[in-house]
Every structure is written in C-alpha cells, then in structure tokens.
Amino acid sequence: MDFEPTIVSFLCNWCSYTGADLAGTSRMKYAHNIRIIRVMCSGRIDPIFVLESFKDGADGVLICGCHPGDCHYHEGNYKCLRRYHLLKKYIAQMGIDPGRLHLEWISASEGKQFAELADSFTETVRGLGPCHVKEIIENFA
Amino acid sequence: MAVYWGAACGGCCVSVLDVHEKLFDVVANADLVFWPIALDIKYADVEAMEDKFIDITLFNGAVRNSENEHMAKVLRQKSKLLVAYGSCAHMGGIPGLANFSTKEEILKQVYLKNITTENEDATLPNVSYEVEEGTLTLPKFYNDVRTLDQTVVVDYYMPGCPPQTERLLEVFMAIVSGNELPPKGSVIGAYDKGQCDECTRKKTDNKHIKEFKRPFEIEDDGETCFLEQGVICLGPATRGGCGHRCIEGNAPCRGCYGPPPDVSDPGAKMMSAVATMIDANEPEEIERITNQIVDPAGTFYRFSLPGSILRRKVKESLQ
Ligand code: SF4
Ligand code: SF4
Ligand code: FES
C-alpha cells in the first residue's frame, strides 16, 4: 500500500495562512496530507510544537511565515528562522531526518506557491518513508 | 523511611549522608528501614513488609534494567509516599544519555569493541547461566532508560544532581511536622523561579550572540552572565533551588534542577531561548553560528533525555 505521510503545518496568520486561504478560494488542488495549524506569527512556534508533532505521529513538519522584513511583529520570523536551524541540528542528532522539517516564507498573495510547496514537501516526506518516533515512544521499555 | 538507588552514581545517597549531624534529627523522627548504601537489609526483607509500611521512600536513579524496575514496583507498593529523588529518577539524568545508543550498541562497545577489553569468546552478559551449583542470574538490561514516573506512579519530585542537602532537610522536616503537603505530582525542594531570576551575574534583557564558546575558551570576568560571554548556560530553562552551585563556582548551569513550572521539555525551552539570542538574520550566518554549538542534544538535554518529548534517539534499524 502506498504510504500517505501526515504533515503538520504551522502557518502565521498574517501572510502564510492568508496565502493558503487564497490557494483554497482559488480552488487550487494540493496534497491533502497537510494539516494546517494557524498561529499568530511564526515567532510563536515553540520548538515544543514541532517535537510534539513528531511525538504524535507527524511524518513531516512544515513551517511558514511572512517573508523577511514583512513580519507583522517585526522580527518574529527571524526568531523562527534561528530556532529552525537549531532544531534541524537537534532532530538530526535524534535520528530524525532533518528533511522532515521544512521552513518557507509564503506571502498573502502566494497561494500558488503554497499549493506547490504542499505538493513538493509531501513528495519529499513520502520519499523519506514513515517517521517512527510515535512507535518508539509507545514501545518505550 | 527508605532510600534506594536505581541506575545511579551513588551521589544522591551521599547527598542524604551529607545531612551530617542532622542525621540525628532524621532518625529521631523516622526509622530507616531500607538503605543499601548504609544498612544491610535485603530485598526479601522489603518484599515481606506490609503494603504502605514505609512512610516515605526516596528513590534515586533511573530505571534501566529489570532489577531497577522490580524494586521501583516493590517500593511503590510498600510506600505511602514515593519521591523521585535527584535528576535521574526525575528526568533520566546522566544515565539517560544512554538513550542516544541502543542496547546492542552499548553491549557491543563495552564487551567486544573496547580496546581494553579482552573477550576472545565474545561472551555477552546472560540473564541466566547454568553452573554446577545451580542457576546464576543477572538483571535484564533494557534498551531504553526510563524515568521513575515512566515506570510507577510518583508522588513528588525532588530535582538535582544531586539535590541540595538543605532542601532535603526542609522537605523532610515539612513532612514529619505534619504540615499540609503540596498536591501530589509537585516538584518539591526547589523554587518556582528560574536560575536567572536570582543569579547575581550582570545581565541585560537583550542578549546578542555572535559566537558560541566552550567554557575554556573565554576569560571569564566572574561577573557577566555566561550567555552574554557566549557560553551556553542553562539558567533560562532551569529551576532554582540549588544555591547556584555551578555559577558560584564560575561554571555555567547545566540544568540538573530540571525545567521551571509549566515547561514540559527543558531542552526545547532552552533551544527556543538560545536561538533567539543568535545575532544574525541571514540563513548562512545563522547556520555558521549555530554550528558552533557542538552537541545541541547532549547540551540541552544533559539531564533530561528520557523525560523529554522525544525520549531517545530513533533506532537506526527503524529509520
Ligand atoms: S544565563 Fe546563567 S549566568 Fe546568565 S543570568 Fe542566567 S543563570 Fe546567570
Ligand atoms: S547551577 Fe544548574 S547544573 Fe549547577 S547545581 Fe544548580 S541547577 Fe544544577
Ligand atoms: S506575522 Fe507572519 S511571521 Fe510574524
């Protein structure tokens, strides 16, 4: 059976969520694997959110925020970017392929880019196969 | 009262001994009915006790083999209050760093690959072995190191590697004085405030780090916040209560007192804090600075890997 990855995606309210909304209202088709969670700003995405996602069975985590300079809270997206680099290093050490975590800037008008990103990231994660974190925690002994 | 050690170094038991002459206050209020480091009482004696016979058990050490697990279960049954005493019982502690490896990797390294090991027959530990006199047994070594509360229900947590002896006395006296105890599941013998709240080093609100350094790479002025000197200090993600033992000794905090209230994962909290201090906005520059943190997982989860969200490294065979 084909593996259908589960992807948790955190989108900032002001740009990226609006961008994803545009993809929807424009009736663009994109991978149904993406589960969207709206946050006010990408700077609100605590590393705990990402780790909890993997723990609860996500095969990939996608983070989107406003383009540099466009964050509605000035530098939330820079904070996000810095956390992202550190988190990637950490999950790699934990045996999770760093490719399972991805960050991209999506503006409110980039509906098409969002739809393409959803598709391409889904294919990347599909290629990586299932993530086993949840299974390991369930069998922890 | 009972004191027991699971996968531990012995330091927690020594911290109990460190009550020194106050031990007389302790024994005036409680009989020590089981304490392997100090008293010759056998497991069978404990197993024969009535349920809830022990008022309070301080269990130190993580759970890494079948003996630790068995005694955790026995002591849970025999104790009114079970306290996870010290970092290892609380969050996994230093033995918990073994969760970066699998059981197979550890056994192979220790019994076959070490250059100082001579083991021509490639003998590995067996849980049971037949000899003329009968069957010899060893505890089963587990793949995963667990915290105490991943094994049995825990009433209280007393953090620290080891817990500060003064805190233990305060807790002990509070229990014997019959004062109302905090709700079950609380951290006791530590403060709600974080290390930084009471740290006397000079600090500003906005920390900008261009370069991370190892402690030996700076000439510490003895006054400025370690983070502001580029040295990773886990103060922002660690509870107070230890008396700033490390910082007073001019070493950064490593996080043994665990996360402050309402933080589920100390490492994630610290990563969040430290990343925002990185003084760069360009991806390449951020990456360059981040790469100066040699071992993020080991640094941010030094005492808390099994108790963290991910708990262990994903097994190679699965990934
Ligand atoms: S980071 Fe460390 S040195 Fe700086 S204020 Fe906090 S505890 Fe003190
Ligand atoms: S300063 Fe930090 S590592 Fe040192 S004893 Fe206190 S809590 Fe533990
Ligand atoms: S508001 Fe979009 S990243 Fe901050």
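Between chain B and chain A, ten residue pairs are in polar contact, both residues being at pLDDT 80 or more; a polar contact is a pair of N or O atoms within 3.5 Å, where within protein one must be able to donate a hydrogen and the other to accept it, and residues adjacent in sequence count only if both atoms are side-chain atoms. The model is predicted, so local features need pLDDT of at least 70 and side-chain atom pairs count only at pLDDT 80 or more, whereas totals for chains, interfaces and linings use all residues. Residues are numbered from 1 along each chain as its sequence is written, chains are lettered from A and ligands numbered from 1 in the order in which they are written, and side-chain values use heavy atoms, with hydrogens and water left out.

On the side of chain B that touches chain A, the elements giving two or more residues are strand S7 (141-146), helix H10 (266-276), helix H11 (283-290) and helix H12 (296-300) of chain B. Helices (H or I, at least four residues) and strands (E, at least two) are DSSP runs, numbered from the N terminus. H10(B) gives the most to this side, with six residues. The contact (heavy atoms within 4.5 Å) takes 41 residues from chain B and 30 residues from chain A. About 3,400 Å² is buried between the two chains, and carbon and sulfur atoms give 69% of this area; buried area is the accessible area (1.4 Å probe) that two parts lose on being put together, summed over both.

The count of salt bridges between chain B and chain A is zero, while the count over all chains is 19. A salt bridge is a side-chain nitrogen of Lys or Arg within 4 Å of a carboxyl oxygen of Asp or Glu. Asp55(B) forms one with Lys80(B), the closest N and O atoms being 2.7 Å apart. This pair joins strand S2 (residues 54-60) to strand S4 (residues 79-85) of chain B, across 25 residues.

Seven aromatic pairs occur over all chains, counted for rings of Phe, Tyr and Trp (its six-membered ring) with centres within 6.5 Å; planes under 30 degrees apart are stacked, over 60 edge-to-face and the rest tilted. The ring centres of Phe10(A) and Phe49(A) are 5.9 Å apart and the planes at 35 degrees, so the pair is tilted. Phe10(A) belongs to strand S1 (residues 7-12) and Phe49(A) to helix H2 (residues 47-55) of chain A, 39 residues apart.

In the backbone, the peptide bond from Cys161(B) to Pro162(B) is cis, with omega near -10 degrees.
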